[in-house]
Amino acid sequence: MQEFNRTYLWGRDVKYRMGLYTTAAVFYKAVVSALLGEFSVDSWTMLEMLLVSFLFAFAETVIFPRGKSWGEAAMGRRAALLAVLANVVYIGGALVFDWFPGVPAWWAAVMIAVLELGLAALWYALWLENRRDTRLLNQNLQHFQQET
Amino acid sequence: MKITVEHGDVLENEVILRCRELDEEMLHILSLLKSGLQTLCAWTEDRQLVLLRPGEVLYAESVEERTWLYCESAVWATALTLSELEARYEALGFCRISRSMVANLHGIRRLKSCAGNRIEATMRNGERVLISRHYAPLLRERLGM
């Protein structure tokens with residue numbers, strides 16, 4: 001039963017992440033298609049994106065398993081591995097499934113830059129969140145030390 | 001060890017420890033007898049007893065079933081367990097921060113939020129201790145967050 005519960009929770013985790021990444025990939029494809037004058041994304045492409053997102057979400061749960069934590073250096077290594085994997089999985093997916101047909105080479109470079117910016121934005125958000133939390137923690141600590 | 005309890009018409013309760021030398025067992029008993037709410041009885045490696053104010057302790061760590069008290073510039077042993085320290089001195093700011101550590105919140109200079117819901121505490125003496133993911137919510141609660 002315990003094994004089943006663990007697998008079930010893991011499955012739920014993968015499902016949430018997969019949903020989020022699929023939405024982002026479909027949105028990205030929709031924007032690029034719209035810029036090329038096409039205002040639809042076919043179901044087959046969405047299914048392919050779902051599959052690639054599942055692979056990435058699966059890898060993410062392996063690199064960052066639920067309930068585990070590491071030191072700063074190990075965390076950095078795992079995050080770097082995940083960033084490399086994001087590039088390999090999504091750029092590889094785009095090439096293998098031909099998600100952006102007829103896109104010129106310089107466009108491809110811009111799209112990759114957007115992907116990198118997206119990853120950097122993700123890290124910036126985490127950094128901002130940590131900074132805000134640190135400030136709050138210290139404010140409350142000072143308050144506690146003065147009060148008691 | 002032989003334990004004798006004598007009942008008699010005495011003015012004040014008295015405990016007499018009779019031993020050849022102050023060994024570990026005697027130090028534990030002495031420490032338990034002397035540790036009150038305002039003082040914490042501890043000893044050094046050369047078995048010298050000291051009475052510490054809880055405020056002097058930055059954090060306590062349990063290593064191989066022994067509890068160590070870390071002050072600004074010295075480390076002392078105590079007979080109290082981490083749970084006992086936490087329970088006795090909670091009102092004075094003692095808080096469990098990991099399975100093997102209890103920190104004095106007044107001994108923390110600053111806190112830093114880390115990835116994985118952990119918190120790094122820099123103590124007054126510059127030492128850094130990590131508050132585990134499991135105990136971080138407890139600390140946040142103590143700080144009124």
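Author: Helices (H or I, at least four residues) and strands (E, at least two) are DSSP runs, numbered from the N terminus. This is a predicted model, in which local features need pLDDT of at least 70 and side-chain atom pairs count only at pLDDT 80 or more, while totals for chains, interfaces and linings use all residues. Residues are numbered from 1 along each chain as its sequence is written, and chains are lettered from A in the order in which they are written.

Reader: How many helices and strands does chain B have, and which pattern does chain B follow along the sequence?

Author: Chain B has three helices and 10 strands, and reading along its sequence gives α-β-β-β-β-β-α-β-β-β-β-β-α.

Reader: In which order do the three strands of the open sheet in chain B stand?

Author: Strands of a sheet pair through backbone hydrogen bonds, either parallel or antiparallel; two strands count as paired if DSSP finds at least two bridges between them. In chain B the order is E8-E9-E10, with antiparallel pairing. Strand E8 (108–114) and strand E10 (128–131) of chain B each have a single partner strand, so one side of each is left without a neighbour in the sheet. From one strand to the next the twist averages 25 degrees.

Reader: Over how many bridges do E8(B) and strand E9 of chain B pair, and which residue stands opposite Leu111(B)?

Author: E8(B) and strand E9 (residues 118–123) of chain B pair over six bridges in the antiparallel sense, and Leu111(B) stands opposite Ala121(B) in E9(B).

Conventions. Axes are lines fitted to C-alpha atoms, for helices over the stretch in contact, and angles run from 0 to 180 degrees between N-to-C directions.
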